[in-house]
Amino acid sequence: MYLVGLTGGIGSGKSTVASRFVQHGVELVDADEIARVVVEPGKPAYRKIVEHFGTEVLDEEGFIDRPRLGAVVFADESKRALLNELTHPRVAEQIAGRLELLQAFDGVVILDVPLLVEAREARSYEAIVVVASKPDTQLRRLVELRGMPAAQAQARIDAQAPLEEKLAVATHVIWNEGSLDELYSAVDGVAEDLLRRAREKASAEEEGIPND
C-alpha cells in the first residue's frame, strides 16, 4: 500500500480532487464519509450528540442536521471540542479498519482527511497532497455555492489551520484558483507521479530492496 494523505481547507475543492483521483484507479478512504456514518441514528455517537446538544440539531427525519450542528459548534470552541471528543475516536477506529483491509493492496490509497494538519496525527504517509485556495476564494465559494452566511463561513475557515501550515507538510500542492479543466490537469499530473512512485515501491519490495 502506498498511503497518501489528502487535505485542504473547507471550500478548497478537495472533494472534487478526491473524485478525480478515483478515476485514476486509486483507493479512497474518506474520513468525511466515515464521519457521517458514525453519527447515523442508533449509533453510539448519535446518542451522545443528542444527549449533549439536544434534538435541535436533528432534521425532520431524526438524522443529524450537519449544517445546524455546525452552526452551533463553530460558534463555540468548547462545543466543537466536545463534538470532536464524541466522534473522532470512532472515526479513527473505522479508518484504521479500512486501511487494515487495504494492507495487501500494492497501489495508491488516498486517505482524505480534512483536519490532517490540525489533528497532528502520527500516521506514516508516503506523500501528503494539499489542495490549496486563497482564503477569500474559500469564503466566496462557501457563500455562493453552499449558501452559508458570510460570518458562519468565515468562522469555519478560521477554525482550521492556516494555509501556510498545510503547505509546510505537503509533498504535492494542487492549487485550485482557476477553471475545472485546470484543476483536473493538475490532479492528473500528481496522480501520475503517485502511481509511478507506488509502482517503484512495489517493485523494490518484490526485489527486497529497501525503499528510502
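Predicted model: local features only at pLDDT ≥ 70, side-chain atom pairs only at ≥ 80, totals over all residues.

Residues are numbered from 1 along each chain as its sequence is written, and side-chain values use heavy atoms, with hydrogens and water left out.

**Exercise 1. The two domains**

Task: Find which residues belong to domain 1 and domain 2, and how many Å separate their centres.

Solution: 
- Step 1. Domain 1 is made of 1–26 + 107–204, and domain 2 covers 31–106. These bounds come from an automatic or database domain assignment.
- Step 2. Taken over C-alpha atoms, the centres of domain 1 and domain 2 are 21 Å apart.

**Exercise 2. Where the domains meet**

Task: Describe the interface between domain 1 and domain 2, starting with how many residues are in contact.

Solution: 
- Step 1. Count contacts, meaning heavy atoms within 4.5 Å. On the domain 1 side 18 residues take part, and they touch 15 residues of domain 2.
- Step 2. Turn to area. The size of an interface is often given as the accessible area lost when the parts come together. Here, buried area is the accessible area (1.4 Å probe) that two parts lose on being put together, summed over both. For domain 1 and domain 2 the value is about 1300 Å², with 64% of it on carbon and sulfur atoms.
- Step 3. See who contributes. M1, G107 and R156 supply 38% of the area that domain 1 buries against domain 2, more than any other three residues.
- Step 4. Look for specific pairs. Between the two domains there are 0 salt bridges (a salt bridge is a side-chain nitrogen of Lys or Arg within 4 Å of a carboxyl oxygen of Asp or Glu). There are 2 residue pairs in polar contact between them, both at pLDDT 80 or more. A polar contact is a pair of N or O atoms within 3.5 Å; within protein, one must be able to donate a hydrogen and the other to accept it, and residues adjacent in sequence count only if both atoms are side-chain atoms.
- Step 5. Helices (H or I, at least four residues) and strands (E, at least two) are DSSP runs, numbered from the N terminus.

**Exercise 3. A residue in strand β3**

Task: Decide whether D112 is buried or exposed, and list what D112 touches.

Solution: 
- Step 1. D112 sits in strand β3.
- Step 2. Use the cut-offs: buried means under 20% relative accessible area, exposed over 50%, and partly exposed in between (1.4 Å probe, protein chains only). D112 has a relative accessible area of 2%, so D112 is buried.
- Step 3. Leaving out residues up to four places away in sequence, D112 touches L6, K14, A18, L28, V29, D30, A31 and D32.

**Exercise 4. Salt bridges**

Task: Find how many salt bridges the whole structure has, then examine some of them.

Solution: 
- Step 1. The whole structure has 10 salt bridges. Side chains of opposite charge can pair when their charged atoms come close.
- Step 2. E40 and K43 are joined at 3.6 Å, N to O. E40 is partly exposed at 34% relative accessible area, and K43 is partly exposed at 30%.
- Step 3. R68 pairs with D65, their closest N and O atoms lying 3.4 Å apart. R68 is partly exposed at 36%, whereas D65 is buried at 17%.
- Step 4. R140 pairs with E144, with 3.9 Å between the closest N and O atoms. R140 and E144 are separated by about one helical turn because they are 4 residues apart in helix α7 (residues 135–146).
- Step 5. A network of salt bridges links D193, R196, R197 and E200.

**Exercise 5. A residue in a loop**

Task: Locate T171 and describe its surroundings.

Solution: 
- Step 1. T171 lies in the loop between α9 (163–169) and β5 (172–175).
- Step 2. With a relative accessible area of 48%, T171 is partly exposed.
- Step 3. Beyond its neighbours within four places in sequence, T171 is in contact with A127 and I128.
- Step 4. The side chains of T171 and H172 are joined by a polar contact of 2.8 Å.
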